[in-house]
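This briefing covers side-chain contacts in one protein model, grouped by topic. Please keep the structure open while reading.

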Amino acid sequence: MLLPYPFLRVIIFLSSLLLAYYFLLSFGMDSAVGGGERRREVRREVRKSNVVGFFAQDLEGTDPGGFDWIESGFGLLDEFDVPGLEMEMEGEVEGEGRRKWGKFRGTIGRLNDQAPRNTVYKVLYLARHGQGVHVFTQLIDDAGAEEFYGTHPWNCHWSLLDGNGTSVWADAELTNIGIAEAQRANIAWKEQIKADVPLPESYYSSPLRRAASTLEITWKDITLNEYKTPKPIIKEKLRETIGIHSCDRRSPRTEIAKEFPEFVFEEGFVENDPYWTLEWREPNDVRDIRLGEALNDIFAHDHSTYISITAHSGAITSMLQTLGHRPFRLQTGGMIPVVVRVEFVPEPEPTPTSVSPSYGAPSCTVNP
């Protein structure tokens, strides 16, 4: 039986309302729930800066060469000497018990609670991978490849090759020493957990095997074995200096996925290495820009306060540089915590008007 025309108009009108509501739920709720975060991700640029005064590594008097990040309890200071902290804090921070990490957690939480609109505070745990085959190999009389051949022959000849017929250093794996360094980091985190260290809420890795392996060994029986822990994300731009050295050429995506099945790839991660070339090496200032972009992308899309990033010496050097942190070179297997103030602003950070040119491998002056 056909419905009267007025009833059909009512049904069509109600159906239109239901469809509109459905699309609002589908596409609008991301802006309604946590809407400020969502909107600023899409429409606003990131400005980032290191907040000094929480860790010994922030202080000019701390020598990176003699600093033990594990024995120092990750470098956390007994008293925080943060410029302007009193102006941003209202009242005394109550930590969890009297532990330093409880005080730290409370301070970061209070800074976020009282931060101006479009400003957040985050804590990065920047970890360097354990020793890799390209630095040290047991197959060459327990001498490092670079140390065995010498720096010049390594840079002009051997680093361009995938290996020497006995050892392979292309996309270098961890050595036994490197594995032990990652295990040492695992034990160090377990010790600091007893003191209430805030654990990472998200995990990122360079696509190179030595970094992903270090992350896996460090966290596999602490957080990665828990269902609620987000899977580590492999991010292309977190890699080491690009070009010439085969140890810095990443493996195909399918091989990485097979070796690290519990990891996931960032959106747009392609099968083959899109950046590495045998002819040219990435200058340091260009690397700084790349790592700054990687951090901006993480800050824009990850709402976590505590973030773990496992990468490389050069990559971490650039991250510290772009954050305004003092230079602090890490040993293999080392880690540095960094407190970051992140502001979401209408205009992007200024970029250099000129950068250094790429360069090729040096010519060998002696027979390598």
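The charged end of Lys 103 is placed over the ring of Phe 80, at 4.9 Å from its centre. For a charge to sit over a ring, NZ of Lys or CZ of Arg must be within 6 Å of the ring centre and within 35 degrees of the ring normal. The model is predicted: local features need pLDDT of at least 70, side-chain atom pairs count only at pLDDT 80 or more, and totals for chains, interfaces and linings use all residues. Residues are numbered from 1 along each chain as its sequence is written, and side-chain values use heavy atoms, with hydrogens and water left out.

**Aromatic rings**

- The structure has 15 aromatic pairs; rings of Phe, Tyr and Trp (its six-membered ring) pair if their centres lie within 6.5 Å, with planes under 30 degrees apart counted as stacked, over 60 as edge-to-face and the rest as tilted.
- Phe 55 and Trp 101 make a tilted pair, with 6.2 Å between centres and 50° between planes.
- This pair links distant parts of the chain, 46 residues apart: Phe 55 is in the loop between β1 (45–50) and α3 (85–88), and Trp 101 is in helix α4 (residues 100–114). Helices (H or I, at least four residues) and strands (E, at least two) are DSSP runs, numbered from the N terminus.
- Both Phe 55 and Trp 101 are buried, where buried means under 20% relative accessible area, exposed over 50% and partly exposed in between (1.4 Å probe, protein chains only).
- Trp 189 and Trp 219 are also a tilted pair, their ring centres 4.6 Å apart and their planes at 50°.
- Trp 189 belongs to helix α7 (residues 176–194) and Trp 219 to helix α8 (residues 209–219), 30 residues apart.
- Trp 189 is buried at 2% relative accessibility, and Trp 219 is buried at 2%.
- Ring pairs join a cluster that includes Phe 54, Phe 80, Trp 101 and Trp 189.

**Nonpolar cores**

- The largest nonpolar core has 36 residues, and those with the most contacts inside it are Phe 54, Phe 74, Phe 104, Ile 108, Trp 189 and Val 339. A nonpolar core is a set of buried Ala, Val, Leu, Ile, Met, Phe, Trp, Tyr and Cys residues joined through side-chain atoms within 4.5 Å.
- A second, separate core of 27 residues includes Val 120, Ala 294, Met 319 and Leu 330.

**Salt bridges**

- There are 21 salt bridges in the structure, each a side-chain nitrogen of Lys or Arg within 4 Å of a carboxyl oxygen of Asp or Glu.
- Arg 326 and Glu 60 form a salt bridge at 3.7 Å, N to O.
- Arg 326 lies in the loop between α11 (313–323) and β7 and Glu 60 in the loop between β1 and α3, so this pair ties together parts that are 266 residues apart in sequence.
- Arg 326 is buried at 12% relative accessibility, whereas Glu 60 is exposed at 66%.
- A network of salt bridges links Glu 236, Arg 239, Arg 250 and Asp 273.

**Around His 245 and Trp 276**

- His 245 is in the loop between β4 (233–234) and α9 (253–259) and is buried at 13% relative accessibility.
- Arg 249 lies over the face of Trp 276, at 5.0 Å from the ring centre.
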